[in-house]
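Dear colleague,

Please find below the sequence and the structure that I am handing over to you. My findings follow directly after them.

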Amino acid sequence: MDNLIIAGRSFNSRLLVGTGKFASNQAMVAALENSGAEIVTVALRRVDIDNPADSLLSHIDRKRYLLLPNTSGARDAEEAVRLARMARAAGCEPWIKLEVTPDPYYLLPDPIETLKAAEILVKDGFVVLPYMPADPVLARHLEEAGVATLMPLGAPIGTNRGVRTRDLIAIIIEQATLPVVVDAGLGAPSHAAEAMEMGADAVLVNTALADTPDPAAMARAFCKGVEAGREAYLAGLGPQRQKAQASSPLTGFLRNN
Amino acid sequence: MHLSINGQSREFPEPLTVLQLLVFLELIPERIVVELNREILTADRYAGISLQTGDKLELIEFVGGG
């Protein structure tokens, strides 16, 4: 079986899905279902005490999906560690998607604070999946810190622009000894397929599903994109060339020369 | 008794445990994370801790996120 292994745990699906920004909980549940995902991300926020909302967790089947809380909103390592510990106290398994994004405009991950937080959380017993810039040198440092995956961004969060960091992600994949999950910025099943064809081990999408007219149908399309890309990677893509190379025989046809 | 909850000041009658506060606010205790004066509490402690005036609480819940 061609399973995704993270921290010794085996998953059939190579598509991770976020739960943000869906128009309704019903739309989210339908998208999760069609995506085939087994790992779904969630965020932590202050309760609005005057207006308590319908709990997200009442809509997610915890037996079916591994809940992966993120530290979104954290602006430095200290806030990220605090959020991670809160998620664990809430009864989640100690898996954390580490996000430290001090810049509200591009939401780019802070490499220094991400590394600091990763070191603390690994020592504290967490399985750490860090959202990171597509930086191969940082990837090495995070591996040394003991993280469970590398999650380089394809493009800024929610931009749907695709694998814009392609050449750097290729280096990360080449050097990594851990699963590489391309996270953020993927907007189309073809983007997911591209990342998988390059040898990424998985992809994570949220906006690309949630912010569409039919998230459930798009989730099914992404599931196929990821599977197609993975199968193509395993099959081995043919070489690229500058000059044409005929696929049909050109000789011996109606001419003598 | 004066409490700070998620940065807002509120008055509550004494005595009040963490669990009673959550019930009063119509929250489902097992779905809420409580930080009391920067210390994270596990749900099994909610019933045994009596709040004091001036306590600072953060009440956190899971929401959709990527």
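Two strands are taken to pair if DSSP finds at least two bridges between them. With that in mind, Leu44(A) stands opposite Phe62(B), a residue of E5(B). Please note that the model is a predicted one.

**The contact between the chains**

The contact as a whole takes 27 residues from chain A and 21 residues from chain B. On the side of chain A that touches chain B, strand E4 (39–46) and helix H2 (77–89) each supply at least two residues. The largest share of that side, 6 residues, comes from E4(A). By class, the side of chain A that touches chain B consists of 14 nonpolar, 9 polar and 4 charged residues.

**Chain A as a whole**

Chain A contains 8 helices and 10 strands. Its C-alpha atoms fill a box of roughly 85 × 40 × 40 Å along the principal axes. The radius of gyration of chain A is 20 Å, which agrees with the value near 18 Å that a compact globule of 257 residues would have. Of the 257 residues of chain A, 44% count as buried. Among contacts in chain A between residues at least 6 apart in sequence, 62% join residues at least 24 apart.

**A parallel sheet in chain A**

In what order do the strands of the open sheet of 3 strands stand? The order is E6-E7-E8 in chain A, with parallel pairing. E6 and E8 of chain A are at the edges and have a single partner strand each, so one side of each is left without a neighbour in the sheet.

Strand E6 of chain A (residues 95–98) is joined to E7(A) by 4 bridges, and the two run parallel. Within this pair, Lys97(A) has Leu129(A) of E7(A) as its bridge partner. The chain passes from E6(A) through helix H3 of chain A (residues 111–123) to E7(A), a β-α-β crossover that is right-handed.

On to the next pair: E7(A) and strand E8 of chain A (residues 151–152) pair in the parallel sense over 2 bridges. Here Met132(A) stands opposite Pro152(A) in E8(A).

Why is strand E7 of chain A (residues 127–132) described as largely enclosed by the rest of the structure? The reason is that 5 of the 6 residues of E7(A) are buried. A residue counts as buried if 20 or more other C-beta atoms lie within 10 Å of its own.

**Helix H6 of chain A**

By that criterion, 7 of the 9 residues of helix H6 of chain A (residues 189–197) are buried, so H6(A) is largely enclosed by the rest of the structure. The buried residues of H6(A) are Pro189(A), His191(A), Ala192(A), Ala193(A), Glu194(A), Ala195(A) and Met196(A). They pack against strand E9 (181–183), strand E10 (202–205) and helix H8 (215–235) of chain A. After H6(A) comes Gly199(A), whose phi is positive, near 105°.

With kind regards

How values were computed:
Residues are numbered from 1 along each chain as its sequence is written. Chains are lettered from A and ligands numbered from 1 in the order in which they are written. This is a predicted model: local features need pLDDT of at least 70, side-chain atom pairs count only at pLDDT 80 or more; totals for chains, interfaces and linings use all residues. The radius of gyration is taken over C-alpha atoms; the globule rule is 2.2 Å times the number of residues to the power 0.38. A residue is buried if 20 or more other C-beta atoms lie within 10 Å of its own, exposed if 12 or fewer, and partly exposed in between; C-beta atoms are placed from the backbone. Two residues are in contact if their C-beta atoms, placed from the backbone, lie within 7 Å. Ala, Val, Leu, Ile, Met, Phe, Trp, Tyr, Cys and Pro count as nonpolar, Asp, Glu, Lys and Arg as charged, and the others, Gly among them, as polar. A crossover is right-handed if, with the strands pointing away from the viewer, the path from the first strand over the helix to the second runs clockwise.
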